[in-house]
Amino acid sequence: MPNVQIMTGNSAAALGAKLCKVQVVAAYPITPQSSLTEMLAQYIEGGQMKAEYVRVEGEHSALTVCIAASTVGARTFTATSANGLLYMHEQIHWAAGSRLPIVMCCVNRGVGAPWTIFNDQQDSISQRDTGWIQMYCRNNQEIIDTLIQAYRIAEAVYVPVMVCYDGFILSHTMMPVDIPDAALVQEFLPPYQPHTFLSQDDPRTINPVLFPNLRENAEGILCDGYMEMRYKLQSALEGSKAVIMETNGRFAETFGRDHGGMIWEYLTDDAEILIAGMGSIANEATVAADMLRLEGLKVGVVGVRVYRPFPAEEARRAFQKAKVIHLFEKAISYGYEGALCSDLKAAFYGSEVKAPLYHYVVGLGGRDVQPTELAQAVRTKTDAGPVEKSQHPATWLNCRTE
């Protein structure tokens with residue numbers, strides 16, 4: 001029997017961590033993440049969750065605790081937002097370089113200065129090159145399901161996973177969520193097996209300084225240099241695509257919900273116009289697509305669920321038949337364009353995807369984005385007629401630019 005409850009996105013994430021039997025939680029409060037870790041603290045204090053909650057003085061220390069706990073074999077969890085994520089930056093690199101399967105929720109919020117507590121995706125996008133898998137959720141059901149999948153993925157490839165979802169829009173909004181059965185979660189998620197076992201009978205150093213070139217150790221064994229370690233991390237990220245797809249398929253078989261693996265599609269079978277995005281903005285786009293369909297336009301939606309590793313092959317297949325692409329992003333790579341826009345263009349280069357790509361920067365600092373506005377942006381370009389070039393400057397939607 002389904003166990004459907006009405007809950008916020010932060011509640012869904014906390015319950016997901018509880019179902020995964022996380023053993024160590026370390027976090028520092030920051031809006032809009034705070035209620036997530038507060039709920040975990042209540043679970044632990046009330047005896048509903050057998051775990052250690054480590055109170056720290058800041059986000060850098062929070063991830064440091066998770067790194068230490070994961071290194072000795074504990075399943076660990078943390079969460080943060082915005083400037084808290086930026087404060088972790090050094091340790092975000094360290095966790096990936098150590099090949100530790102930590103799972104962290106990034107409750108997306110705009111970064112300062114100037115200060116905002118409201119949503120965009122600038123925080124997690126700024127960490128895209130740190131070696132973490134990044135997954136973006138479109139609704140609260142996907143938050144709890146993705147968190148469970150994230151541990152299975154991370155512990156299979158020994159790469160940390162960042163589960164991203166939009167602050168307030170999802171974190172504090174209540175939606176129906178089908179709670180996965182705890183026994184099925186335990187069957188789906190095997191116990192964590194660390195890649196390094198620490199023992200006083202077998203002492204060792206962890207992450208020593210590596211030299212540029214290959215070197216022999218005391219036993220005459222040729223050991224990797226720094227560059228080989230970077231190559232292995234890159235190979236793990238690239239290889240994680242197959243694991244992500246297999247994990248999503250197994251989850252669908254077990255729980256009856258298929259979130260699409262790397263990307264998800266809506267009304268794309270006959271679509272000539274495709275709207276693209278990540279997270280809740282892509283979910284809003286499905287409403288815009290429905291509106292435009294009623295007007296006779298063949299519109300569909302492609303949502304990017306996994307941003308790192310980037311789903312280049314999947315994107316080429318999804319956009320292959322499109323005549324026009326409209327991409328809405330809640331982030332900007334200052335001095336150029338949105339990072340997702342650049343990555344899609346790179347993926348399309350030399351492929352059969354020839355459609356012009358219109359790029360929109362939307363919703364920065366929590367500025368509201370309605371489906372009607374997305375639909376009107378598509379109408380405006382459609383009414384303008386055919387275009388000759390595939391490169392277009394970004395449109396800052398609903399922004400005073402004069």
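Just after helix α3, G73 adopts a positive phi of about 105°. The model described here is a predicted one. Helix α3 itself covers residues 59-71, and because its 13 residues at 1.5 Å a residue should span 18 Å, the separation of 18 Å between its end C-alpha atoms agrees with that expectation.

Among the residues of α3, the buried ones are E59, S61, A62, L63, C66, I67, A69, S70 and T71. The packing partners of these buried residues are β2 (24-27), β4, α4 (82-87) and α5. In helix α4, one of these partners, lies A82, which has a positive phi of about 50° although it is not a glycine. With a relative accessible area of 0%, A82 is buried.

Strand β5 (residues 103-108) is largely enclosed by the rest of the structure, because 6 of its 6 residues are buried. In a regular strand the side chains alternate between the two faces of the sheet. In β5, V103, C105 and V107 point one way while M104, C106 and N108 point the other way, and all are buried.

Strands of a sheet pair through backbone hydrogen bonds, either parallel or antiparallel. Strand β4 (residues 76-80) pairs with β5 in the parallel sense over 4 bridges, and within this pairing T78 stands opposite M104. Strand β7 (residues 161-166) also pairs with β5 in the parallel sense, here over 6 bridges, with Y165 of β7 as the bridge partner of V107.

## Two cis peptide bonds

The peptide bond from T31 to P32 is cis, with omega near 5°, and P32 belongs to the loop between β2 and α2 (34-45). A cis peptide bond also joins G112 and A113, where omega is about 10°; A113 is found in the loop between β5 and α6 (122-125).

## The largest pocket

Rolling a probe the size of a water molecule over the atoms shows where empty space is left. The largest pocket has a volume of about 1,400 Å³, and its lining is made up of 43 residues, of which G97, N207, L210, M229 and R230 lie nearest its centre. Two or more residues of that lining are given by each of the elements α5 (89-97), β9 (215-216) and α9 (226-255). The largest share, 9 residues, comes from α9. By class, the lining consists of 16 nonpolar, 14 polar and 13 charged residues.

N207, one of the residues nearest the centre of this pocket, lies in the loop between α8 (182-188) and β9. N207 has a positive phi of about 55° although it is not a glycine, and because its relative accessibility is 35%, N207 counts as partly exposed.

Leaving aside neighbours within four places in sequence, H259 is in contact with R138, E142, D145, Q149, N248, W264 and R305.

G261 is found in the loop between α9 and β11, and with a relative accessible area of 0%, G261 is buried. Residues up to four places away in sequence not being counted, G261 touches I244, M245, N248, R305 and V306.

## The mixed sheet and the cavity

An open sheet of 6 strands runs in the order β11-β13-β12-β15-β16-β17, with mixed pairing. Its edge strands are β11 (263-266) and β17 (395-396), each of which pairs on one side only. Within the sheet, strand β15 (residues 324-329) and strand β16 (residues 357-361) pair in the parallel sense over 5 bridges, and H359 in β16 is the bridge partner of L327.

The count of cavities of 30 Å³ or more comes to 1, and the largest cavity holds about 50 Å³ of space. This cavity is lined by Q121, I125, G277, M278, I281, F328, E329, K330, A331 and L340. By class, the lining of the largest cavity has 6 nonpolar, 2 polar and 2 charged residues.

Technical notes: Residues numbered from 1 in each chain as written. Predicted model: local features only at pLDDT ≥ 70, side-chain atom pairs only at ≥ 80, totals over all residues. Heavy atoms only, no water. Buried < 20%, exposed > 50% of the residue type's maximum accessible area, 1.4 Å probe, protein only. Pairing = 2+ DSSP bridges. 1 Å grid on protein atoms, 1.4 Å probe; cavity = no way out; pocket = protein on both sides within 12 Å on 5 of 7 lines; lining within 4 Å. Points joined across faces, edges and corners; volume = space filled by probe spheres on them. Nonpolar A, V, L, I, M, F, W, Y, C, P; charged D, E, K, R; others polar. Expected span 1.5 Å × (residues − 1). Contact = heavy atoms within 4.5 Å.
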